[in-house]
Amino acid sequence: MPSIQPFSLLSSSTDPGFFRLLFSGEWDALARHLSGNYLTTVRDGTEIYLMNMEAYLTHLTRTLPQATIDTLYMVGFASLFAVLFGIVVGMTLYVTQRGGIYALPGFNRLLGAVINIGRSIPFVVLILLLFPLSRLIVGTSIGRTASIVPLTIAAIPFMSRVIEAALNELGRGIIEAAVAAGATPRQIIWRVVLPECAPGLVAGFTLTIINLITFSAMAGMIGGGGLGHIAHMYGVSRFRTDILVYTIIILVILVQIIQAIGQMIARRLDKR
Amino acid sequence: MLEIKNLSKIYATPNGPLAALRDVNVQVGKGDIFGFIGLSGAGKTSLARCVSVLERADAGAILLNGVDLTRLKGANLRQARRNMGMVFQHFNLLMNATIFENVAFPLRIAGWPQKEITARVEHLLEVVGLTDKVKTYPATLSGGQKQRIGIARALAAEPQLIICDEATSALDPDTTRSILTLLKKINADTGVTIIVITHEMDVIKTLCSHVAVMEGGEIIEQGKVIDVLTHPQTETARRFFAKDHSEEGWFKAVQENKIGHQVFRAVFIGAAARRSFIHDVIRNFDIELSILSGSIESVSGTMVGSLIIEMTGDDAVLAKAMAFFRENGVEIEAIEGMETANPTDATYPTESIDSATCKDTVGSYEGGVPHA
């Protein structure tokens with residue numbers, strides 16, 4: 001008979017239905033014996049993962065919603081910070097460009113170069129690079145809260161460029177009309193540029209948030225928590241393709257909802 | 001009120017410096033509607049942009065009520081700008097703001113109290129005839145309505161000067177007329193000075209009291225519209241004020257030698273436009289006279305009639321007939337370039353008509369009786 005041991009390599013307290021079976025006997029007889037009560041996954045013919053069906057389902061109904069909440073938590077906070085910093089940096093890019101409201105072409109080029117560097121680092125590398133920073137800010141480098149740091153840092157350069165592009169959509173004429181009416185640069189930004197560009201900005205936020213969802217899945221794979229973590233832990237490490245599929249379905253639904261909300265808000269704001 | 005002195009503006013281009021304005025001198029009086037006309041690249045828009053200080057002039061001064069706008073900076077400049085309203089060709093309205101907020105914009109940035117803003121905006125929308133649109137957005141308006149909002153916005157902060165940069169150039173003829181009527185009414189009611197930048201002669205004729213003709217960054221002619229229109233001194237001015245004769249039937253007929261060679265233009269101004277000179281000439285002189293083309297129009301409120309006539313007869317009689325016209329205040333001269341025997345100038349060159357050149361020469365007065 002094969003020897004059965006608890007699935008101790010992965011924390012058995014968090015996933016109670018799992019057992020790892022080291023296979024050393026007659027595979028067929030064992031499979032027949034188990035098929036009624038257990039879900040099985042086989043790896044390279046020597047190991048077999050078993051899950052008690054009932055425990056597995058109970059576990060899933062707890063794990064997936066929590067992972068979804070974790071993902072929303074990470075993406076939500078990262079988006080919030082990315083939007084705040086992104087507006088500041090994007091607006092700075094916009095106003096300091098040649099012919100801008102506060103034209104500073106030299107500074108603009110420097111800032112642009114820094115942003116390009118930020119955008120050219122692959123996200124997976126960025127997470128690793130930012131482990132010390134996460135530890136400094138959050139106190140740890142793993143878990144959902146720690147992931148907010150690299151997600152925010154990764155999103156800011158992207159968000160800034162998206163915001164810069166949205167602001168540049170505004171025609172020069174309308175700015176000149178405001179200048180000719182005697183508006184101060186501050187008034188131009190608050191009363192003309194931001195309201196007129198609001199639909200484009202919201203579209204940019206939506207784009208960034210959705211990007212952050214995919215980024216968060218990546219973060220989840222290296223200790224970040226959320227749906228990416230679940231997908232990796234069960235779907236990849238334990239060959240549970242079904243769980244992988246569930247996480248994908250949840251991610252697809254999240255993206256669809258966020259895109260729909262973003263488009264709706266942008267349309268409401270757009271009176272053109 | 002507005003005095004432009006020796007204004008120059010040079011743009012750096014890949015092909016070297018380009019002078020958009022050269023030594024421009026203009027005086028605009030209070031309550032004038034001063035038109036600047038010229039082809040594209042003549043410098044008229046550069047001039048408007050320099051006056052509104054959207055561009056800095058390279059030399060010269062722009063005095064608005066004695067204050068040199070070219071030297072102002074920061075808060076002083078913004079204060080001066082609030083004394084000028086600007087109307088744009090493409091309206092430049094805030095598309096995500098209501099009509100009310102668009103008109104209120106200059107008042108909000110000038111810090112008016114809400115109560116006064118509401119009253120002022122309502123009044124302005126009444127002036128431009130769009131009170132029912134107060135809560136709608138610009139996208140729902142037609143081009144003419146958008147420009148009315150543009151005008152209301154320009155007027156909002158009670159400026160002394162309004163600059164209309166090609167304000168009607170994007171509009172159809174009917175809408176253009178209604179906008180011009182509106183501007184004229186506003187000028188009459190409030191006495192606001194208006195600067196009009198345009199390439200359309202009709203705008204000058206119907207709206208302006210004064211005109212400056214621009215070419216190559218220079219003002220080549222300026223004065224009251226009626227004077228410049230009836231006595232253009234330069235080729236460019238003549239071309240602007242003359243109709244495009246090449247499209248007229250009489251011009252083609254002359255070209256194809258279906259009618260004779262003695263074609264004249266007679267211009268009647270004011271009271272002269274109402275008298276029956278043609279009748280008198282035919283009765284008193286032994287000539288044949290036929291009218292090829294004629295028009296009468298109102299220029300800055302003065303009637304100006306223009307006739308293209310063909311007269312056949314002895315040179316001596318023709319000369320007498322022309323003298324008769326002149327005695328009665330009608331300006332008349334032979335039209336050049338059509339082998340016209342000019343009774344007043346024996347040395348007048350007779351050239352054959354060349355279709356390539358006739359468009360340039362016909363309609364000009366060169367070689368005829370010089371005006372002055």
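**Close-up views of a predicted two-chain model**

**View 1. An open four-stranded sheet in chain B.** In this predicted model, four strands of chain B form an open sheet in the order β12-β13-β11-β14, with antiparallel pairing. Its edges are β12 (288-299) and β14 (331-334) of chain B, each of which pairs on one side only. From one strand to the next, the twist averages 15°. Helix α12 (residues 315-327) of chain B packs on this sheet. The helix touches β11 (263-269), β13 and β14 of chain B. The direction of α12 makes about 150° with that of β14(B).

**View 2. The pairing of β12 with β13 in chain B.** Eleven bridges join β12(B) to strand β13 (residues 302-312) of chain B. The sense is antiparallel. B:Glu288 stands opposite B:Thr312 in β13(B).

**View 3. Helices α8 and α10 of chain A.** Helix α8 (residues 185-224) and helix α10 (residues 241-269) of chain A have axes that come within 8 Å and cross at roughly 170°. Angles over 145 degrees count as roughly antiparallel, and α8(A) and α10(A) are therefore roughly antiparallel to each other. From α8(A), the contact takes in A:Ala198, A:Pro199, A:Val202, A:Ala203, A:Phe205, A:Thr206, A:Ile209, A:Ile210, A:Ile213 and A:Ala217. From α10(A) come A:Leu251, A:Leu254, A:Val255, A:Ile258, A:Gln259, A:Gly262, A:Ile265, A:Ala266 and A:Leu269. By class, this contact of α8(A) with α10(A) has 16 nonpolar, three polar and no charged residues.

**View 4. Chain A against chain B.** Here 19 residues of chain A are in contact with 21 residues of chain B. On the side of chain A that touches chain B, the elements giving two or more residues are α7 (172-180) and α8 of chain A. The residues of that side divide into ten nonpolar, four polar and five charged. The model scores ipTM 0.74 and pTM 0.76.

**View 5. Confidence along chain B.** Chain B averages a pLDDT of 82, and 84% of the residues score at least 70. Among the elements of chain B, helix α3 (residues 99-109) has the highest mean pLDDT, 95. Helix α13 (residues 355-361) of chain B has the lowest, 37. Over residues 337-372 of chain B, pLDDT stays under 50. For that stretch the model has 58 contacts beyond four places in sequence. Where pLDDT is low, the predicted coordinates should not be read in detail.

Notes:
Residues numbered from 1 in each chain as written. Chains lettered and ligands numbered in written order. Predicted model: local features only at pLDDT ≥ 70, side-chain atom pairs only at ≥ 80, totals over all residues. Axes fitted to C-alpha atoms, helices over the stretch in contact; angles between N-to-C directions. Parallel < 35°, antiparallel > 145°, perpendicular 65-115°, else oblique. Contact = placed C-beta atoms within 7 Å. Nonpolar A, V, L, I, M, F, W, Y, C, P; charged D, E, K, R; others polar. pLDDT = per-residue confidence, 0-100. Pairing = 2+ DSSP bridges.
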